[in-house]
Amino acid sequence: MGQEPLQTSIVKKYCDARLPWYTIYPTVPEFSAAVGAKDCEKWLGGLPADDSVSLYLHIPFCRSICWYCGFPTTITRRDAPILNYVSVLREEIRLVAEQAPQALPVSDVHFGGGTPTLIEPAEFLALMELLRRRFAFRKTATIAVEIDPRAFTVEMAEALEAAGVNRASLGVQSFDPIVQKAINRVQSEAQTAAAVENLRQHGISRINFDLIFGLPNQTVQSCVESATTAVAMRPDRFAVFGYAHVPSYMKRQRLIDEAALPDKRCPRRTGRGRGRYAGRRRLPPNRARPFRLAGRRTRAGAESRSPAA
Ligand SMILES: C[S@@+](CC[C@H](N)C(=O)[O-])C[C@H]1O[C@@H](n2cnc3c(N)ncnc32)[C@H](O)[C@@H]1O
Ligand code: SF4
């Protein structure tokens, strides 16, 4: 596994805390029109030349929308909008690199989304080449990519390997077909397993699975079974999110049947489901207590990393 053991003291300290979404800087409550290009320029210019930086590249496109998703992303069936976006991103990379005092050392790169692996393989390779030209990559740099297993090809795995990607994060959420239907994300175990195999065959063995609890129609048993199936695929890491339900902010979440959310005291799923996930106990309401997230009330229970605004 090669990971540091989870420290109980840290878990105890933060498990009930209301924390900001740490992928965003400045964090949402601090974000305002007062933060502009000049500030960025000043911050970039003031970076110590020897300290490593982490680069985050957001690719806001998907082939279909998952109703729970709290990330800024757009559906596109065509490649043209992605290509246009990548050319703007290349320009942004150039601007950022020019404002830094010198080629900044890079310890981490993260391609998030959306679905970064929708970028054409050759375009992805060219993007990584540009980053390597503009920044000074550490030999040990972690280069990570978020992957939707439903849209992951052998050609893309080849490109990731050639680009030096050494870590992958796969969206799984739940293996329960009833939950999958309720969130508009139908993804078979075979699709997830094939993506894992594809990555391993291309030398990418540091694999994370994203799972979510608190989704519509989800039960404790359903969560346990999803986790068991996921563990059998032997990823080396899990990111487990409490579902952040903010329909007032994320319009797509209005498609979620709120009566089916586990913190609503609605009838058990008995009789509606089929097979091994049917009719199990719901998550106890206190697992989905409200907490303040980015100034809004949500019903999510816990976050280790949360959707960006
Ligand atoms: C950008 S997506 C992952 C990559 C890829 N687009 C996919 O879905 O497979 C990032 C992750 O954020 C989590 N996520 C998205 N919306 C969420 C929400 N409303 N509450 C909690 N977690 C959420 C999901 O676990 C998702 O896999
Ligand atoms: S969870 Fe992933 S695939 Fe689904 S809409 Fe969000 S970013 Fe796109």
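I take helices (H or I, at least four residues) and strands (E, at least two) as DSSP runs, numbered from the N terminus. The model is predicted, so local features need pLDDT of at least 70 and side-chain atom pairs count only at pLDDT 80 or more, while totals for chains, interfaces and linings use all residues. Residues are numbered from 1 along each chain as its sequence is written, and chains are lettered from A and ligands numbered from 1 in the order in which they are written.

Entry 1, helix H7. I looked up what comes after H7 and found Gly203, with a positive phi near 80°.

I counted a residue as buried if 20 or more other C-beta atoms lie within 10 Å of its own, and as exposed if 12 or fewer, with C-beta atoms placed from the backbone. Thr192, Ala195, Val196, Asn198 and Leu199 are the buried residues of H7. They cover an arc (of directions from the helix axis to the C-beta atoms) of only 160° around the axis, so they sit on the same side of H7. Ala190, Glu197 and Gln201, on the other side of H7, are exposed.

I listed the residues around ligand 2 (C-beta atom, placed from the backbone, within 6 Å); among them are Cys62, Cys66, Cys69 and Asp148.
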